Amino acid sequence: MTETPLRVAVTGAAGNIGYALLWRIASGDCFGSKQPVILQLLEIPPGMQRLEGVIMELRDSAFPLVHDIIGTDNAEVAFNDADAIFLVGSRPRTKDMDRSDLVAANGPIFVGQGKAIDAVASRDVKVITVGNPCNTNALIACANAPGIPPRQFTAMTRLDQNRAVGQMAERAGVPASKVQDVFIWGNHANTMYPDPRFGTVDGQPATELFDTDWLQGDFLDTVSTRGKAIIMARGASSAASAASAAVDHMRDWWQGSNGNIVSVALPSEGWYGVPEGIVFSFPCRCENGEIIVVENLPVDEFAQSKIDENVTALLEERNAVSDLLGN
Ligand code: NAX
């Protein structure tokens, strides 16, 4: 094994998603089975004891690809020379919080972390934001890291895509691998639009296999409210599936999406009329370490109304954090 280790930072590393994510990264699922990694793990001081336990277990797993593990409560130590960063750590939403409370509670975390990324991370770093509200948190981190190109800051809507794929596969009675090119527009929130119009199931167009009532009704509702349904059933929010989606997102960015359309939320450059200044999920392909937005897909009236709804919601979130955007 001759490859130089990648420096991979994970925030909130002692949390529930971290506990599933670190083992997938360490086993080579994300960066490849020959790519060594150095894990640089960030927690807040109250989480440091739990992080120590997680690091003990990682060492006990004796992963051949893990060359070193650093645990810290200092963002500049965690992000030092980082090639890939998973921004997972943030406060989970509690019963008494609405979305604007969550934006206000978590936004400041991403100011400090954006500045630290700007100061010490690799100039080529690839950042995925998982901590909610992830689109707007990615925007805040990006705005506070002017030395890093905005396209290197993304937010995760891959879990929503995977949920959509799972629903179609279950209904059609096929494995998930047979479902292609279903993707998410907009915000990781219940306004999101899982777009079935270019999707295929075992080669057949999803729009021929499933009726419009289901696609615009139960399918859309199930995907967009799945997070809540998991909490009701499990008594805890999605963790393993979120970690798995974060691995899918970063793996495709790193290794390519094999021509498939995948969902990535990134700072809009005006694609599909979505204004600049918000982080929006678009249909993308990943090639040679780049994310390329698939442009010029036709947008029908229903899709346009959903895109518009998400633009409005994300502009509202942006307004609520305008003082954190550094301009
Ligand atoms: P946990 O509460 O289990 O873990 C969060 C961890 O982050 C804790 O250990 C905490 O100490 C740490 N933390 C808090 N502030 C921090 C900071 N400033 N720096 C470093 N670490 C910090 O939550 P978990 O279930 O792991 O979820 C983490 C985040 O993912 C939440 O914001 C959650 O809402 C979000 N999710 C996002 C999803 C998505 O699809 N984008 C889906 C799953 C999940 O809901």
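Begin by selecting R50: a polar side-chain atom of this residue lies 3.2 Å from an oxygen atom of the ligand, a polar contact being a pair of N or O atoms within 3.5 Å. The model is predicted, so local features need pLDDT of at least 70 and side-chain atom pairs count only at pLDDT 80 or more, while totals for chains, interfaces and linings use all residues. Residues are numbered from 1 along each chain as its sequence is written, and side-chain values use heavy atoms, with hydrogens and water left out.

Next, select N16 and I17. A backbone N or O atom of N16 lies 2.9 Å from an oxygen atom of the ligand, and a backbone N or O atom of I17 lies 2.9 Å from an oxygen atom of the ligand. On its own the ligand has 880 Å² of accessible area, of which the protein covers 87% (Shrake-Rupley method, 1.4 Å probe).

Now display the ligand's surroundings. It is surrounded by 25 residues (a heavy atom within 4 Å), and the closest are N16, I17, E43, S90 and N132.

The peptide bond between them is cis, with omega near -5°. P133 belongs to the loop between β5 (126-129) and α5; helices (H or I, at least four residues) and strands (E, at least two) are DSSP runs, numbered from the N terminus.

Continue to α5 (residues 134-143) together with α4 (residues 99-120). Their axes, lines fitted to C-alpha atoms over the stretch in contact, come within 7 Å and cross at roughly 35°. Which residues of α4 meet α5? They are V103, N106, G107, F110, V111 and G114, facing T136, N137, I140 and A141 (heavy atoms within 4.5 Å).

Finally, select A62, in the loop between α2 (48-60) and β3 (66-72). A62 is not a glycine, yet has a positive phi of about 50°.

How values were computed: Axes are lines fitted to C-alpha atoms, for helices over the stretch in contact, and angles run from 0 to 180 degrees between N-to-C directions. A polar contact is a pair of N or O atoms within 3.5 Å; within protein, one must be able to donate a hydrogen and the other to accept it, and residues adjacent in sequence count only if both atoms are side-chain atoms.
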